[in-house]
2 protein chains.
Amino acid sequence: MADPVPVAGFAATVASAVARTGPLCAGIDPSPELLDRWGLPDSADGLRSFGLRCVEAFAGAVPAVKPQVAFFERWGSSGVGALESVMAAARDAGLLVIADAKRADIGSTMEAYAAAWLDPQSPLAADAVTVVPYFGIGALRPALDLAAASGRGVIVVVRSSNPEGRSIQEAKTSGPGGWPDGPSVEDALLEAIRDLNHGGLAVPGTVGAVVGATLAPSQFDLTGLGGVILAPGFGAQGATAEDAARLFAGCRAHTVLANVSRSVLAAGPDPGSLRRAAAATGEELAKTLP
Amino acid sequence: MADPVPVAGFAATVASAVARTGPLCAGIDPSPELLDRWGLPDSADGLRSFGLRCVEAFAGAVPAVKPQVAFFERWGSSGVGALESVMAAARDAGLLVIADAKRADIGSTMEAYAAAWLDPQSPLAADAVTVVPYFGIGALRPALDLAAASGRGVIVVVRSSNPEGRSIQEAKTSGPGGWPDGPSVEDALLEAIRDLNHGGLAVPGTVGAVVGATLAPSQFDLTGLGGVILAPGFGAQGATAEDAARLFAGCRAHTVLANVSRSVLAAGPDPGSLRRAAAATGEELAKTLP
């Protein structure tokens, strides 16, 4: 059933960007191997050059980029400085920036992560940040509220695309009687996200979910989520556009972002080739995603 | 039952430090509120001063410090630069450094986080780093192997001290028949950590667990874990030394680190007062911890 609540907040921002430039969220993943293949040094300067070439190539061709924070963090403060430059360039180029930081904590520490990635004054301010819900969805509240306050988003890793995550994410929560007959961990999280997007937060559409395109559907009806879905697992991990079409059928138009990194970045370092790879991938995905 | 495998690797490093200076792992948590109370600016310089004062006060009085990465990340690359200075000073002062980063990811991204926090050449190299297991314990393998290679540690958040985490961490995994009659998520993780410390990794004692001191015991027998236990939840969160004594009874001597942050830091900024608060807290905890 189509979502009865109008898309707003971060989900509306994504929907209008996807309507213009397709559903591809292009990863910026400067791994040591890719730096080498692009002829760049494995250093903060190499990271910066890699990221700026991506921004140049992807601007106007995709709606969003997703810098993978870990690759910048490898070089400590100088790597994080390179990330700041790349994020600023992406913003200036009109790209949405999803910081793939997968942060997680509780209390005032979660507040600090929220401030780092979502406070408009922060040097690392992104349009959205990925977070990990092991401490419970309630522990993420400081990030959710801060995102809502400026139309930004929080994307919760719910169903990861790797096989090792299944036993935790499919574990059964307790039902009302104390027996393990409640929803699975992942479905309980999706239910909580749906509720946050339908009145639980000041701005609907603030909270999104990572749902791996490699997975079979769970019991939760994704069409009612009310937030952005970020779908990894394409390319090397084996998901096809057809898998995604099945998994996301009926979801609100233009709110599913397909994350593709390696297969697009393999076309670099020439910006023209990178841009063509991104455009072709985005066109292919647009045929089947909602 | 006492652990049959001799403590080695990171667990041995911790045990010998705790034998000398007690079980307190002192948090370095420069929250905006504490910076203000210490008369320091909320800036990268303020973070650096705060951290260096902590190192000066804690050196020789506690075995380990735990900088809370989020508070440094709030100031982007300059904050991370301050963290590098603080970590270097702590190392030089003979303190073990546990980077409380709570990182999580899969594949080459997890490799990059491992390199950032555990590669001896990294500007952020720590003696151990905290990680979050939502992607499964298998996804953490790059960090575990890298830690083992240089006698460092990985501390997995298993049982967090906040109430919001209970429904996920107590969810039931599938048993052999596919029914939810396997161990809870947290106990399955503890079993996996025990196995890693007993032959699953090149160096036993590499993998530790966060076990909140606020919690009742689970089904898993912690005395056989074979790795360090980091226990948060004291002070503001309400756990007492008696709670910890019950929960960790029988664990190998000197392998349980009690994390205390706020109540010790409240004694600052005077280094003498800070040091006395840390020493008094450590002595109190040493009475009941194994």
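1. Start with B:Lys102, which lies in strand 3 of chain B, residues 96-103. This is a predicted model, and B:Lys102 has a positive phi of about 45° in it, although the residue is not a glycine. Most residues other than glycine have a negative phi. B:Lys102 counts as buried, because 27 C-beta neighbours lie inside 10 Å and the cut-off is 20 or more.

2. Now turn to chain A. A:Lys102 is found in strand 3 of chain A, residues 96-103. A:Lys102 also has a positive phi, about 45°, and is not a glycine. Is A:Lys102 buried or exposed? A:Lys102 is buried, with 27 other C-beta atoms within 10 Å.

3. How do the two chains relate? A rotation of 180° superposes chain A on chain B, with 0.0 Å of shift along the axis. The RMSD of that superposition is 0.0 Å. The two copies are thus related as by a two-fold rotation axis. The same surface serves both copies: 100% of the contact residues of chain A recur in chain B.

4. Look next at the contact between the chains. How many residues does the contact take from chain A and from chain B? Chain A gives 45 residues and chain B gives 45 residues. On chain A, five helices each supply at least two residues of the side that touches chain B: helix 4 (69-73), helix 5 (76-92), helix 6 (107-118), helix 8 (166-169) and helix 9 (185-200). Helix 6 of chain A supplies the largest share, six residues. By class, the side of chain A that touches chain B divides into 22 nonpolar, 16 polar and seven charged residues.

5. One helix pair deserves a separate point. Helix 5 of chain A packs with helix 5 of chain B (residues 76-92) at an angle of about 175°. Their axes are 8 Å apart. Angles over 145 degrees count as roughly antiparallel, so helix 5 of chain A and helix 5 of chain B are roughly antiparallel to each other.

6. Which residues meet in this helix pair? From helix 5 of chain A come A:Gly76, A:Ser77, A:Val80, A:Gly81 and A:Glu84. They meet B:Gly76, B:Ser77, B:Val80, B:Gly81 and B:Glu84 in helix 5 of chain B. By class, this contact has two nonpolar, six polar and two charged residues.

7. Move to the nonpolar core. In soluble globular proteins, nonpolar side chains tend to be buried together. Here the largest nonpolar core has 224 residues, and A:Val156 and B:Val156 touch the most other members. Leaving aside residues up to four places away in sequence, A:Val156 touches A:Val131, A:Pro133, A:Leu140, A:Leu189, A:Ile193, A:Val207, A:Ala209 and A:Val210.

8. A:Leu247 is found in helix 10 of chain A, residues 241-247. A:Leu247 counts as buried, with 24 C-beta neighbours inside 10 Å. Not counting residues up to four places away in sequence, A:Leu247 touches A:Ala213 and A:Pro217. The C-alpha atoms of A:Leu247 and A:Gly79 are separated by 36 Å, and these residues are 168 residues apart along the chain.

9. Finish with the peptide bonds. Most peptide bonds are trans. The bond from A:Gly268 to A:Pro269 is cis, with omega near 5°. Where is A:Pro269? A:Pro269 is in the loop between helix 11 (262-265) and helix 12 (271-286) of chain A. In chain B, a cis peptide bond joins B:Gly268 and B:Pro269, with omega about 5°. B:Pro269 sits in the loop between helix 11 (262-265) and helix 12 (271-288) of chain B.

Terms used: Residues are numbered from 1 along each chain as its sequence is written. Chains are lettered from A and ligands numbered from 1 in the order in which they are written. This is a predicted model: local features need pLDDT of at least 70, side-chain atom pairs count only at pLDDT 80 or more; totals for chains, interfaces and linings use all residues. Two residues are in contact if their C-beta atoms, placed from the backbone, lie within 7 Å. Helices (H or I, at least four residues) and strands (E, at least two) are DSSP runs, numbered from the N terminus. Ala, Val, Leu, Ile, Met, Phe, Trp, Tyr, Cys and Pro count as nonpolar, Asp, Glu, Lys and Arg as charged, and the others, Gly among them, as polar. Axes are lines fitted to C-alpha atoms, for helices over the stretch in contact, and angles run from 0 to 180 degrees between N-to-C directions. Angles under 35 degrees count as roughly parallel, over 145 as roughly antiparallel, 65 to 115 as roughly perpendicular and the rest as oblique. Copies are superposed by least squares on the C-alpha atoms of residues with pLDDT of at least 70 in both. A nonpolar core is a set of buried Ala, Val, Leu, Ile, Met, Phe, Trp, Tyr and Cys residues joined through C-beta atoms within 7 Å. A residue is buried if 20 or more other C-beta atoms lie within 10 Å of its own, exposed if 12 or fewer, and partly exposed in between; C-beta atoms are placed from the backbone.
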